[in-house]
Amino acid sequence: MAELEKEALRQKYARERDKRRRPDGNDQYLELKGQLAHYAQDPYMPVVPRAPRTDHVTVAFIGGGFAGLVTGARLTEAGVDDVRIIEKGGDFGGTWYWNRYPGAQCDTASFVYMPLLEATGHMPTEKYAHGPEILEHCQRIGTQFNLYDNALFHTEVTHVEWDGDRSVWVIRTNRDDHFTAQFLGMGTGPLHVPKLPGIPGIEDFEGHSFHTSRWDYDYTGGDPSGSLMTKLADRRVAIIGTGATSVQCVPHLAKACRELRVIQRTPSSVDVRANHPIDPAWFATINTPGWQDRWLHNFTANQTGGMVEEDLVMDGWTDLARRVRSKMMSIPAEEFTPEGMLAAYEDSDFEKMSEIRNRVDEIVQDRETAQQLKAWYGQLCKRPCFHDDYLAAFNEPGTHLLDTDGQGVERITAGGVVVSGVEYPVDCIIYASGFEVGRDHTRRAGYDIIGRDGLRLSDYWADGMRTMHGTHVHGFPNAFFVQPTQGANLISNVPHNLTEAGQTIALIVAQALAGGHDEVEVTQAAEDSWIDLLLSGPGGFGILGSPDCTPGYYNNEGQPRAQDAQLLVGYPMGASAYFEYLEQWRTTGTFEGLEFR
Ligand code: NDP
C-alpha cells in the first residue's frame, strides 16, 4: 500500500474516532437499579426457597462460571470434598447461564475455549459450539466433580471478612447465609453486570424491552437453540448495539421479525467464521492423552506471537497473529526497531481491515448499507467479530440498518426510537448494549473484601491492583483471585488463564491441608517484586485499547486512563512464557513467595 493511501486511511480512522468521542466515557451507561432493576432479573429459572446456611466449608468460591468450575473441579480431584460455589444465577454457567440469546456461540474454537474437555470426555459438536452445548458442559463439570451438592444458587455475596482469630473467611449473602470457609476463591468475571445506554427517555418506552443477557423467549417465541422466534412475525423490533452479541443474534432476529431495525453507533469488524461440525473419526485421531493441553498451548503460542510451526486451531485469531508475525519476519535487520515493528503491524492491519471491508461489499446488496457497515479502525481496537450470516442478514427485506453516524440513539419515546430527528415506531427494543467493564472490582463484584486487620480490598487497591500472579494479595490470607490480569492476561482465550489458575490453587490448598497449615499468604516482598516485574515490561495497553482507537471498553471509552491502569497488564514475557513459569513455580512444591503458617 502506498504511503499516500496509508495516510488517507489514518486520517479516515481519526475522523471516525473523533465523531464518537464523548466526555462522559463510562458514565454514559445506566446501572440496572431502581426503575431499571427489572432488566437484571433472571428470566430463566425461579428462585427456589431454601434455609440459610450457617456451617463451615473448606473452600468457598464466589462465581459459578468457568473460573469456579475449573477451580472446583481441580480441588475435588485434590481431595477437597466440600467446595461451596456461590452463584447469582440459578445454575452453573456464568456468562453461558445468562447469555441465552439466539445464536450465542463461542468465538474462540471450542477445543481451546471449553475447559476440561479431556477430563470430562466431551467432544464438542462444532468448531465453535453454541450456547446450549456450553451451558450443558458447565453442568457436566458440576455433576462430574460433585459441585452441585454444596452450591448456593440465586445467591449473592454481600459481605466477606477475614477472621484472624479463627483463620477463616466469614461470608454473608442476600439469602441470609452466614457461614465460614478456610479458603476463599473468587471468579466473578469482567462481563457479568449488564448495562443500558443512557439514552434520554429510556424509561418512557411503553412497548416491550429487555437486555440480550436476559432474553425474553416468552415474548419472542423460539428458544436458545435458535429455533424460529415465531412470536415476532408481526412485530417491529429495534436492537440497540452492534457488538459481538448483536452480531450473533441479528441473523436470527432478521429471519423472525416483521421489521427489524439494527441501530448502529460503531460498526463491528466481522470476519469469516467458517464453523463446521466436528467429525468423530477425525477427533479420534487427536484424542490422545494430553490433547487439550497441547491445543491450549499451541493456540496461545500462535496467538501471542510465539515461533511455532504448527497452527492446530487455524482460525481468525491465529491468522491475525500469523500475518503480523510474517510481516515482522520480513523487516530488514536494520529496520528492526520499535518503530519498524509498529509500521509492520500497521501494514498488516491495514491489509486485514481492507479485506474485512471488501467482504461487506461482496455480501451486502444495498450499497449505502454496505458502506455504513464498514469498520474504520484497527482490528484490535474493538472486539473482533466473526460471523458468516450477520452481513447477509441485511439483505433480508424486513431488516434495516439504522446507522447513527457515531452519535447513538437520540431519544426513546413511548412508542419508538429517535435517530437523527426521525422517530421509528417499534413494539420491542432489545438492548445489546454490553456489560460494565471499566468499573472497579468492588462495584462489579457487589461487595468489598475485608482482609487482615480490617483492611478493605478497595482501599488496598485504591492506587491500582496489586497481586502476585493476579491471584494472591498480601493482607488477604487464604484468598485467591481467578482472572487473567497480572498473570498471562490472555484475552483471546480467557478460559486458558482460568484453568491454569484453578490447577495452581488446588495444589496450594492441598499443600496447606496436607501440612496442617491454617494460613497461606503471599509475602509483601513477593507481591512487590511481582509488581516491579510487571512494570518493567513494555506496559500500557499497546494496540489493544490504544487511545488512538475508536472508543469502546478496550480503551476506557476513549477517556484517559487513571495512573493506576498501568497495573492492568500481564507478564512482560507474554502468555506462553507465563504459563511455562507458572508450571515450574507450582511443581517445585515450595511455592516461592507464599508463606504457609
Ligand atoms: P459491547 O459492549 O461490545 O457492545 C455494546 C453495543 O452497544 C456497541 O455496539 C455500542 O456502540 C452500542 N451502544 C452503546 N450505547 C449506545 C447508544 N447510546 N446508542 C446506540 N448504540 C449504543 O457488548 P456485547 O454484549 O456485544 O459484547 C460484550 C463482550 O462480550 C464482547 O466484547 C465479548 O468480549 C463478549 N462476547 C463474547 C462472545 C463470544 O465469545 N462468543 C459473544 C458475545 C459477546 P459503540 O461500539 O459505539 O460503543
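**Reading contacts, helices and strands**

Reply: Apart from its neighbours within four places in sequence, Ser 167 touches Trp 162, Gln 182, Asn 478, Asp 518 and Glu 519. Please bear in mind that the model is predicted.

Me: Is Ser 167 buried or exposed?

Reply: The general idea is a cut-off: a residue counts as buried when its relative accessible area is under 20%. Ser 167 has a relative accessible area of 9%, and is therefore buried.

Me: With which side chain does the side chain of Ser 167 make a polar contact?

Reply: The partner is the side chain of Glu 519, and the distance is 2.7 Å. Glu 519 is also one of the residues listed above as contacts of Ser 167.

Me: Let us turn to helices. At what angle do α10 and α11 pack?

Reply: Helix α10 (residues 291-303) and helix α11 (residues 316-329) pack at about 45 degrees, and their axes are 8 Å apart. The angle is read by class: under 35 degrees counts as roughly parallel, while 65 to 115 counts as roughly perpendicular. An angle of about 45 degrees therefore makes α10 oblique to α11.

Me: Which residues meet where α10 packs on α11?

Reply: From α10 come Phe 299, Ala 301, Asn 302 and Gln 303. They meet Trp 317, Thr 318, Leu 320, Ala 321, Arg 322 and Arg 325 of α11.

Me: How should I read a sheet, and in what order do the strands β14, β15 and β16 stand?

Reply: One reads the order of the strands and then the direction of pairing. Here 3 strands form an open sheet in the order β14-β15-β16, with antiparallel pairing. β14 (411-412) and β16 (422-425) are at the edges; each has a single partner strand, so one side of each lacks a neighbour in the sheet. Between β14 and β15 (residues 416-419) there are 2 bridges, and Arg 411 stands opposite Val 418 in β15.

Methods:
Residues are numbered from 1 along each chain as its sequence is written. This is a predicted model: local features need pLDDT of at least 70, side-chain atom pairs count only at pLDDT 80 or more; totals for chains, interfaces and linings use all residues. Side-chain values use heavy atoms; hydrogens and water are left out. Buried means under 20% relative accessible area, exposed over 50%, partly exposed in between (1.4 Å probe, protein chains only). A polar contact is a pair of N or O atoms within 3.5 Å; within protein, one must be able to donate a hydrogen and the other to accept it, and residues adjacent in sequence count only if both atoms are side-chain atoms. Contact means heavy atoms within 4.5 Å. Axes are lines fitted to C-alpha atoms, for helices over the stretch in contact, and angles run from 0 to 180 degrees between N-to-C directions. Helices (H or I, at least four residues) and strands (E, at least two) are DSSP runs, numbered from the N terminus. Angles under 35 degrees count as roughly parallel, over 145 as roughly antiparallel, 65 to 115 as roughly perpendicular and the rest as oblique. Two strands pair if DSSP finds at least two bridges between them.
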